[in-house]
Amino acid sequence: MLITLYGADSYRRLRKLKEIIDAYTLKQGKFSRERFAVVEKNDLENLKGFLSNQSMFSSKKLVILDEPFEFEDTKALKEVFKEQVDSTDTTILISTTKKHPATFKFIEGEPNRFEEFALLKGKDLNSFIKNGC
């Protein structure tokens with residue numbers, strides 16, 4: 001499963017990321033977790049290695065990717081994502097400020113989750129502040 005959190009409002013986006021990680025931790029108990037910033041080809045290879053290795057303690061994996069759409073080899077990244085779309089053992093959390101390129105449109109479809117965190121303005125911002133963030 002892929003969960004994408006994107007948008008310029010990093011405060012709400014990162015708060016949602018933490019909520020998801022905490023909920024996953026409560027639900028799964030023991031699992032493998034790793035955070036990657038896919039910037040260079042070596043980073044993608046490390047990600048692939050983590051995804052392909054089997055843990056002795058649990059088959060569940062949580063991967064957190066920061067700004068993966070900045071990576072130049074979008075074709076290779078897309079292949080990695082496509083392999084994990086239907087996985088019940090691996091969850092990939094994508095946190096990014098920019099929306100994904102058009103070739104990654106599939107990450108918006110079921111069974112994936114996709115949530116935008118645009119900057120709040122006007123009434124929405126006032127309401128957010130009044131409700132204690």
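Residues are numbered from 1 along each chain as its sequence is written, and side-chain values use heavy atoms, with hydrogens and water left out. Because the model is predicted, local features need pLDDT of at least 70 and side-chain atom pairs count only at pLDDT 80 or more, while totals for chains, interfaces and linings use all residues.

## Overall fold

The protein has 4 helices and 5 strands. Helices (H or I, at least four residues) and strands (E, at least two) are DSSP runs, numbered from the N terminus. Along the sequence the pattern reads β-α-β-α-β-α-β-β-α.

The C-alpha atoms fill a box of roughly 50 × 35 × 25 Å along the principal axes.

Of the 133 residues, 38% count as buried. Buried means under 20% relative accessible area, exposed means over 50%, and partly exposed lies in between (1.4 Å probe, protein chains only). The protein exposes about 8,100 Å², and carbon and sulfur atoms supply 51% of that area. Accessible areas come from the Shrake-Rupley method with a 1.4 Å probe; for residues, only the protein chains shown count as cover.

Among contacts with a separation of 6 or more, 74% come from residues 24 or more positions apart. A contact means heavy atoms within 4.5 Å.

## Helix α1

Helix α1 covers residues 10–28. Its 19 residues should span 27 Å at 1.5 Å a residue, and its end C-alpha atoms are 26 Å apart, which agrees. The expected span is 1.5 Å times one less than the number of residues.

Which residues of α1 are buried? They are Arg12, Arg13, Leu17, Ile20, Ile21 and Tyr24. These buried residues pack against β1 (2–6), β2 (32–36), β3 (61–66), β4 (90–96), β5 (113–116) and α4 (122–130). Glycine 29 follows the helix, with a positive phi near 70 degrees.

## Salt bridges

The structure holds 9 salt bridges. Each is a side-chain nitrogen of Lys or Arg within 4 Å of a carboxyl oxygen of Asp or Glu. The table gives three of them, including one within α1.

| Arginine 12 | Aspartate 9 | 2.5 Å |

Arginine 12 and aspartate 9 are both buried. Glutamate 19 and lysine 16 both lie in helix α1, 3 residues apart, about one turn of the helix. Glutamate 19 is partly exposed, at 44% relative accessibility.

Glutamate 70 is partly exposed, with a relative accessible area of 47%. Elsewhere, salt bridges that share partners join Lys99, Lys105 and Glu108 into one network.

## Two threonines of strand β4

Threonine 96 lies in strand β4. It is buried, with a relative accessible area of 1%. Its side chain reaches the backbone oxygen of lysine 98 at 3.2 Å. Leaving out residues up to four places away in sequence, threonine 96 touches Leu5, Tyr6, Gly7, Arg13, Glu67, Pro68 and Phe69.

Threonine 91 is also in strand β4. At 10% relative accessibility, threonine 91 counts as buried. The C-alpha atoms of threonine 91 and valine 63 are separated by 6.2 Å, although the two residues are 28 residues apart along the chain. With the same exclusion of residues up to four places away, threonine 91 touches Met1, Ile3, Tyr24, Lys61, Leu62 and Val63.

## Backbone details in the loops

Glutamate 67 lies in the loop between β3 and α3. Its phi is near 50 degrees, a positive value in a residue other than glycine. Glutamate 67 is partly exposed, at 24% relative accessibility.

Where is proline 111 found? Proline 111 is in the loop between β4 and β5. A cis peptide bond joins glutamate 110 to proline 111, with omega about 5 degrees.

How values were computed: Polar contact = N/O pair within 3.5 Å; in protein donor to acceptor, adjacent residues only side chain to side chain.
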